[in-house]
Amino acid sequence: MLNDALNIISTNEDAMPAKFSEEEAFKNIFQLLRLKHGVDFTYYKQTTIRRRILRRMVILKQEKIVEYLQYIEKNNVEVDTLFHDLLIPVTSFFRDPEIFESLCKTVLPELVENIPVTTGTSANPLRIWIVGCSTGQEVYSIAICLHEYLSDKVSQIKIQIFATDISEKSIGKARSGLYDKGEMDGLTDGQVQQFFTKINGTYQVKKAIRDMCVFACHNFLKDPPFAKIDLISCRNVLIYMEPFLQKKAFTTFHYSLKPKGYLWLGKSKSVGSASDYFVPLGPKEKIYSRKAFPGKFINTASTHSEGILRDTDYGLRSNKKRKDDFQKDADDILLLKYTPPGVIVNDQYDIVQFRGSTGDFLEPAPGKASLNVLKMAREGLSFEIRNALQKAKKTKASVSKENIPLNNGKKIVSLEVIPLLNSADLHFLILFKDAAFAPGITGAGKDLKNLAGLTQHENIRIKKLEKDLVNLREDMRSITEDQEAANEELQSANEELLSGSEELQSLNEELETGKEESQSTNEELVTVNQELFDRNEQYNEARIYAEAIVSTIHEPLIVIDRGFRIKSANQSFYKNFSISEQDTIGKTLFELQNNGWDIPGLRRQLLKIQSENEKLISWEDTYTFPLVGKRTICFNAQPVQKENGEGLILLAMEDITHRAHIQLERNELLHRFQNLVEKAPVAICLLRGKDYVIEVINEGMFEMWDRTLEEVLNKPAFDVLTELRDQGFKELLDNVYNTGERLIMQEIPINLKRKGKLENVFVKFVYEPLREPDGTISGIMALAHEITEQVLSRKKIEESEYRYHNLVHTSASLILILKGEDLVISVANDSMLQSLGKGKDLIGKPLLTVLPEIIEQGLGDLLHNVFTTGESSYGYEVPVYIMRNGKMELSYYTYVYAAQRDLIGEIDGVSVIATEVTPQAEFNKKIKESEAHFRQVAELMPTKITNADAAGGVTYYNKNWLDFAGMDFEKLKDFGYHSIMHPGELEEFKKRFQIAFETGTDLEMEMRFMNKDGEYIWHLNRASPVKDESGQVKMWIGATTDIHNQKTKEDTKDEFISIASHELKTPLTIAKAYIDLLQINLQKTSKEDYNYAQKAAESIDRLNGLIGELLDVSKIQNGKLGLKITEFDFNEMISTAIEGIQYASPNHTIHRSGIIKPLVKRDKERLQQVVINLLSNAVKYSPNANVVDIHIAEKNGEVTVAIKDKGIGISKENVGKIFERYYREEGRATHFQGLGIGLYISYEIVQRHNGTLWVESKLHKGSTFYFKVPINYEAKKL
Amino acid sequence: MKKCVLIFDDDIEMLAVSKIILERQNYRVETRVCCDDIIKDIAEVNPGMILMDLRIPKIGGEQATRLAKSEKATKDIPIIIFQPIQKLSMQVKERMQMGF
């Protein structure tokens, strides 16, 4: 790619196979640019231009220029891009600062000096033209320079800086004057601050600088230049141009600058070929001053030249090059020697080159030095040259003039003007030829002279004509000269016009931009204006309102200025303070009415307003005014700052004298009211709003509520009195609030929370709606009075009255109220009347007259006695004879006679309250008799009797008890009973008593009580509850029987049996031993004797068994049948038992079935005893059968044994008795041996094992005895 | 020399029959109807075994056994105590507690 690019630069022709040659491609591109932007880049420095184009190609990744051409042809945007790229916008603020410095030091002072300083707008402004200004940095740099240099004088000089560039884009940016931070390099901080405004991170050039500058899009090579410029800066443009264009530029600049103007070029540039026009200011500097060169500016727009032209001054360059070229040398010599002399002129006819010796034809004209060929031409030739030139210019062809007489015909010359059409500028080659070589002509002249002498007349005529001709020529020449001078003037005027026009165009452009800006600004202004207009209307309206308000307002209103001078006042002011307008306006406030307004407080306040610019609101002061007297005024003041800085104060006054007075009264009233409320004996509160916020409350109220003031004040009532929420008060209040009707409740119960608990109190209250002035209800006043005590006492009274009435009239008691000494019956209840057998007519009559019979019974005296002494009299079951229906009847009465006292305590009567107890008394009598009877029985009983109430408290011990214990009733009752119990039985007794007491069951226990001699005597103690109809225990009756003798006898008997059995057993054992010995001996000797001995032994065994049974019974009786619990194999135990029976009863076969798998934890011996007993019974009672079945089984942790015989059976009625001690069934006994205690013992043993023993039997069919015991023994629970 | 059984019992009949039976078994049998000095009795007869009626007069079988068991010379002689069953069990328990 790069190589390709280099190839293009090297312009290798082999690399261009396309239909366009490279050069053509470039040309086409330039063409496009020219068409689009009107800028011809043809004469710009080709290397630079091509580098730029290549750069574009690299960016677009195109390899060949032809491709790029095709691309750019299609792509309009690329044309713009390339265009801008070509313009190389390289610039910055204060580029090359040292040059700027010298500019400031040397150039500017001189320029400024030349400008006549005038006030206002200067007629001769300082004009600066910056060519190729790019994005404007340089322009502003120079402007800043100027500004800094001129400092405060800047406003005195009009400065115009024209800044031009061919890039509209750059100009656009330059115009905006907006630069970002990166572009601000080169400026000092101070400059940035002074000349720029920071807007949204970018910097904008300030207006003062911007206004100096005029930006325009301008091609200085093509467009007419600006004129009368003091300084031209062209620092960036020229380096891109071929010398041809540079030269053109210099001429343009030369034209533009004022005679003493300066040209400032870039670092690498010099005026070079244009040194004719400019001379450097210093050796190193790039600032040049204009030479006063008479050259003309020629508008040399190269619009037609498209060919590549080389520098026209190549003579300078080609000297050395052509030295070895002999042909050229020869040509030169030929040219020098044989070509006619001539000059080359430009289209201004200024000579640009002399060729050959032209001294014969041209000579420097006197006066101002000029190379103008017309001026230099020798007399006579000038006219011809002009003609020829003009003709050649017109026809673009060579024009020849022959036989032109020179120096009054002394010399004849001819000339030829050849336009050089192939040059960039129009040039003409003027060739002169000496016509001396044409003698024909010269001779002809001589002939003509000679001919003149032929005739005088003719001579004269010829001379005359010649003279005329000379005159004509002279005339023509002067006319031509005049015309030329006019032409010249026109030309320069035209030039000036063009410059002016260009300037105007630039300005116009600027204006156009400005116009657009101002249009938008205008639009804004219109909007703002509309707003302003609206505001104005509003303001007007407001003003009218304000004025209306001020004039109609009741309050005096004045406006004062800073010096307290009254600017205006309203009518009210005059009226209120009895002052006229002329006395007011313009006067200071304080001097009004002979300084009567010098209110010290007000002055202070106003000064304060002035100094602090604050409002004064409702400041009140009382002051005695000169005419209207003492007034209390409420001042309101507002400082008003006017736009022009004038500070005014609006002072409003309100005469509140009256109001203050009212306020005072109202305060007093309010105070009195508050006092009243607070001190009121009733509770008062004001409830405001629908929430009933407690606004005012007196002590009575919050004390009634048992709340503190802080708790309730300003809180909604039901937030504070939560307990009242559901008691209907809210509804009552709402009703009052909504209807506006007062509510009076005379007596209402309330539950109030006091001291943490709800208390029922009675309150009398009034709810009075509070009305606003407009009649709406805004709250409620509640007046309340707690009447709890009154209500309660009243209720008590009512209740007691009611009770009294009830008591009297419904009472079963007989009631009589007797009044006065005469004992007049005032009240007699129905019961009384009934009892007395009298009617209601009794009432109102003296008692003793109605019942005369009681007088002799002593009751009259009794009543009188009560009346006089006031001591009550009681009677219990007093017999009274009353006359009923003519018969005297005996009645019993229990009564009270009590004195009735009036309020002051004087006895005013007697009350009789009596109960007729006639049946009761009779019944009581009988009970008493009965009781005496039973008491006597109880007393006489040998058994000890006690009575106790339901709770166990003893109410009675009979005599026997007391005698036994040797204590009286009280002593025995309180602590004796338990203390005389034997300690060994006390706990047991208590336990059992507790059970009996709780369950209401009988208690029976053998226990010992200590008698008065200290001996413990056995008793059978029985306690039995006496229950009422509902089964409730009413009382306990205890009967304690002395069983000491029985008990001791029984013990003796058991002891006896035990000893007896033992004693019996000893001889039996001995007897058995001897029989055994006997048997041993007899076995050998006598078979028969042996058998007898055997029988004897069996009998002894049986006797032994019987004795054993007796011992067992004895043990059972004494509760001494102990169990020896071991773990054993039940099956084996059964086997042993069967074996024993089988041995003794070989006639019966014992069938066994069943098995007990687990070991049994029981008393093996005793259970075996049971089995043996049952088996032997089965054998014994089935004499006619030979089979006994025994079955054992285990189920639910229990062992069941069933023994079945086919014997005699047991009758139904006897089945329940067979387990009793010593029971032997009737009939059985006659047939079978035994004590009848075997089953009893078995039964007891099974019981002891927590088991059961039972029998199923059918008479004559056989019996089955069962017993069942748990496998594991557990000690029997109590 | 025959092994000697010493029997303490106040019942002469019982002593007689016991003596007959044991002598038939080829034992030498010594009897005492009361027990006032068991150590002395043992020393006299040098028994291989002692049968003791619990209710032997004077000191009783209990006390006698205790005495015999407390003497080093006599403590190894086995003593069989006679007595009614129900009392025995209790008393055996007591004896056991006493350390016999």
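How are α4(A) and α5(A) oriented to each other?

## Helix packing in chain A

In this predicted model, helix α4 (residues 65–74) and helix α5 (residues 76–86) of chain A pack at an angle of about 110°, with their axes 5 Å apart. The two helices α4(A) and α5(A) are therefore roughly perpendicular to each other, a term that covers angles of 65 to 115 degrees.

On the α4(A) side, A:Y68, A:Y71, A:I72 and A:K74 meet A:N76, A:E78, A:V79 and A:L82 of α5(A), where contact means heavy atoms within 4.5 Å. The residues of this contact divide into 5 nonpolar, 1 polar and 2 charged.

## A sheet in chain A

Chain A holds an open sheet of 3 strands in the order β3-β5-β4, with antiparallel pairing; strands count as paired if DSSP finds at least two bridges between them. Its edge strands, each pairing on one side only, are β3 (178–179) and β4 (196–199). Strand β5 (residues 202–205) pairs with β4(A) in the antiparallel sense over 4 bridges, and A:Q204 in β5(A) stands opposite A:T197.

## Chain B overall

Chain B has 4 helices and 4 strands, which follow the pattern β-α-β-α-β-α-β-α along the sequence; helices are DSSP runs (H or I) of at least four residues and strands (E) of at least two.

Of the 100 residues in chain B, 37% are buried, that is, under 20% relative accessible area with a 1.4 Å probe. The accessible surface of chain B comes to about 6100 Å², of which 56% belongs to carbon and sulfur atoms.

## Basis

Residues are numbered from 1 along each chain, and chains are lettered from A in the order in which they are written. Local features need pLDDT of at least 70, whereas totals for chains use all residues, and side-chain values use heavy atoms, with hydrogens and water left out.

Technical notes. Predicted model: local features only at pLDDT ≥ 70, side-chain atom pairs only at ≥ 80, totals over all residues. Axes fitted to C-alpha atoms, helices over the stretch in contact; angles between N-to-C directions. Parallel < 35°, antiparallel > 145°, perpendicular 65-115°, else oblique. Nonpolar A, V, L, I, M, F, W, Y, C, P; charged D, E, K, R; others polar. Buried < 20%, exposed > 50% of the residue type's maximum accessible area, 1.4 Å probe, protein only. Areas by Shrake-Rupley, 256 points an atom, 1.4 Å probe, with all protein chains shown as cover.
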